[in-house]
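Dear colleague,

Please find the structure we discussed below.

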Amino acid sequence: MSRNPGNRVSVKPKNIIMERTKIQDLQHMEHLILQTLFQASLKDENGEEITLGEYHFKFSNAVRTAGQCRPGEKLIKLSRRLCEANLHQWDKIKAILLHEMAHAFTAKIYGMKHAGHTPKFRKVARQLGTPVTGSQTPKGFNLEIPYKYKLTCPNCGKVTKYNQKVNRSCGKCNPGKYDPRYKMEISQIH
Ligand SMILES: [Zn+2]
Ligand SMILES: [Zn+2]
């Protein structure tokens, strides 16, 4: 998406989380992410309008980290798998995006030393209207990142899922200890 400096609008805190936007695919979500990133503006303490026009966005391959902001690189990332799995939950993805944007705005307005989860950050996060003001995604968000691997017991067919390749035997066929007779077979989930 190209930036349109003449048409920046302020983020309106009250409306953000209430939106119900139907998203078809990841490209559509990326478009909305870029729109949100480049249209947001906040006033600093001198009343100057601050935007994140110099930032860029990437999807990350992270499975444990929903979002990241790197003010030094002017970079915001969101987990691709998180976004893909939650196309129908744009309001929640947007809340996480706004959290990362709050880090970026805080670094820009107050300096890098305030850019963590500091009181200045929480103030900015509130101005942007995100409910995600700590390092953890709040309970009730129920955002899912799908698992990467499926482990199947060759004996009973029991299935468990993991994000890493792990060497396990079936806890149903022989509970309590590793048993090579019931070594779980690993397959990748696409
Ligand atoms: Zn954070
Ligand atoms: Zn089994």
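Two strands are taken as paired if DSSP finds at least two bridges between them.

Confidence. The protein chain has an average pLDDT of 86, and 87% of the residues score at least 70. Two stretches call for caution. Over residues 1–9 the pLDDT stays under 50, and the model has 10 contacts beyond four places in sequence for them. The pLDDT is also below 50 over residues 13–18, a stretch with 12 contacts beyond near neighbours in sequence. Where pLDDT is low, the predicted coordinates should not be read in detail.

The sheet containing E4 and E5. Three strands make up an open sheet in the order E3-E5-E4, with mixed pairing. Strand E3 (56–60) and E4 are at the edges with a single partner strand each, so one side of each has no neighbour in the sheet. From one strand to the next, the twist averages 20°. Arg70 has Leu75, in E5, as its bridge partner. The loop between strand E4 (67–70) and E5 holds Lys74. Although Lys74 is not a glycine, its phi is positive, at about 55°. Lys74 counts as partly exposed because it has 15 C-beta neighbours inside 10 Å. Helix H4 lies across E4 and E5 and runs at about 20° to E4.

The nonpolar core. The largest nonpolar core comprises 31 residues, and those with the most contacts inside it include Leu37, Leu52, Leu78 and Ala102. Two or more residues each come from helix H2 (26–39), strand E5 (75–79), helix H3 (80–85), helix H4 (90–110) and helix H5 (119–128). The most is given by H4, with 11 residues. Leaving aside neighbours within four places in sequence, Ala102 is in contact with Phe121, Val124, Ala125, Leu128 and Thr130.

Another three strands form an open sheet in the order E7-E6-E8, and here the pairing is antiparallel. Strand E7 (159–162) and strand E8 (185–188) stand at the edges; each has a single partner strand, so one side of each is without a neighbour in the sheet. The twist in this sheet averages 30° from one strand to the next. Strand E6 (residues 149–152) is joined to E7 by four bridges, and the two run antiparallel. Thr160 in E7 stands opposite Leu151.

With kind regards

Technical notes:
Residues numbered from 1 in each chain as written. Chains lettered and ligands numbered in written order. Predicted model: local features only at pLDDT ≥ 70, side-chain atom pairs only at ≥ 80, totals over all residues. Core = buried A, V, L, I, M, F, W, Y, C linked by C-beta atoms within 7 Å. Buried ≥ 20, exposed ≤ 12 C-beta atoms within 10 Å, placed from the backbone. Contact = placed C-beta atoms within 7 Å. Axes fitted to C-alpha atoms, helices over the stretch in contact; angles between N-to-C directions. pLDDT = per-residue confidence, 0-100.
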